[in-house]
Amino acid sequence: MMAKRNIYEEDVDFAVLALQSPAFNKYLKSNGQLDFSNPDAVQQLTKSLLERDFGIKLDLPDDRLCPPVPNRFNYILWIQDLLDTTSNRYSDRYDAERTVTGLDIGTGASCIYPLLGCSQRPKWRFAVTDIDEKNMTYAKRNILQNNLKSRIRPLQTQPNDPLVPLDAFGLRSIDFTICNPPFYSSTSDLLSSAAAKSRPPCSACTGADVEMVTPGGEVAFVSRMIDESKVLKDRCQWYTSMLGKYSSVEIVVGNLRGAGVDNWAVKDLVQGNKTRRWAVAWSWGSMRPSHDAARGTSTLPKHLLPFPSESSFTVETSIESCSHRLNATLQALELRWQYRPIMATGVGFAKGSVWSRAARRKQQQSPTDSVEKDQAMDQDDENGEPALGFKIQLRKENQGGVGVMVRWLQGRDSVLFESFCGMLKRQLKAS
């Protein structure tokens, strides 16, 4: 049986952790509970989880943020899903040979995202920034004591420096950014937010103002990232950031749309009944993440979600018959299509709406052989991107019939993808 990717799907068993970590055991109460109002206890929980579950050693000052491990790990897993499902191999699986470079904006004293990312994937590298000297001092210490100097490059920046300083690192491009921006616009905003809560926070917060407060709050911070991304464009495949306020998500998604972004993703970051956070990602590229990666939320309304990248329907026939009809339908069109019968899976690329009546009529009037068709598609790829990339998987349903799943792999036109799915459904369901 495969092990769960998210080892924190269920609450941490403090009694078990106490047996495994004598340092943590000192803070556990006789009833098996932890006093989350005690900063030392919270810090030791983070240290013990990182050491037990990831082999990470951590030093933290008493006056800087102590990151909750499950929440941060959840964010890393989501980044993995975004990258795995937008790889040019179109496999929707982890590619162990892919070298990945990420940028952690405001890494903090813990440098936790790079430490977690590197512990999970051997070919991941990080550039990290922070404007706070004390945070950077501890971040460098944590990089060194975990033997990651060759994989994590730190750079202390100034408040007015670019948030995504690729040129300062000498980087032509990166695969993603990761960021936990300051939530609040001012110290008074922080204090009034705390006072407005119906009950005190469940965990001690040791964050300094430089980590908690920024002019304009998190919305202004992420808006700066959006503005920078408009210039950098595909020098970064996925720009991402955490958001601490539900109200911020709608504003950020609105800003993305206003900037012309048509490819974004949202995610709930929550473990059990603990504090909920959200994450937003956007890309100027045309590779579409899987449904679960792009729409990983149960709390946000539909108008904030990206267009679905998957469409499914059932055909009342055998898988052999469905495979035959699928192949016949797509091979008759002017597109590239490769099908693997043993896996009942195929991948295709089209330069436009080649299934439309006008396109089919044109093809009948001047048919091309398969060599000419491949050459036409290759030429299209060299000059730009295919208008539509898709994957189709067939599977036997338990109740009978064949399930057809159409996955949008690449493209910028959701109407084109929807039209393709409609055509395929009509053809495969035709008697």
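Strands here are DSSP E runs of at least two residues, helices are H or I runs of at least four, and both are numbered from the N terminus. This is a predicted model, where local features need pLDDT of at least 70, side-chain atom pairs count only at pLDDT 80 or more, and totals for chains, interfaces and linings use all residues. Residues are numbered from 1 along each chain as its sequence is written, and side-chain values use heavy atoms, leaving out hydrogens and water.

Is D130 buried or exposed? I noted D130 as buried, because its relative accessibility is 6% (buried is under 20% relative accessible area, exposed over 50%, partly exposed in between, with a 1.4 Å probe and protein chains only).

Next I listed contacts, meaning heavy atoms within 4.5 Å. Leaving aside neighbours within four places in sequence, D130 touches several residues, including G106, N135 and Q156. A polar atom of the D130 side chain lies 3.4 Å from the backbone nitrogen of T107.

I then checked the UniProt record. Its unreviewed entry puts a "binding site" at R72, G106, D130 and N180; such annotations may be inferred rather than shown by experiment. I found N180 in the loop between strand 4 and helix 8 (187-196). Not counting residues up to four places away in sequence, N180 touches R72, I105, Y113 and M242.

Last, I traced the sheet. Eight strands form an open, mixed sheet in the order 3-2-1-4-5-7-6-8. Strands pair if DSSP finds at least two bridges between them. Strand 1 (residues 100-105) runs parallel to strand 2 (residues 124-130), with six bridges.

Methods
A polar contact is a pair of N or O atoms within 3.5 Å; within protein, one must be able to donate a hydrogen and the other to accept it, and residues adjacent in sequence count only if both atoms are side-chain atoms.
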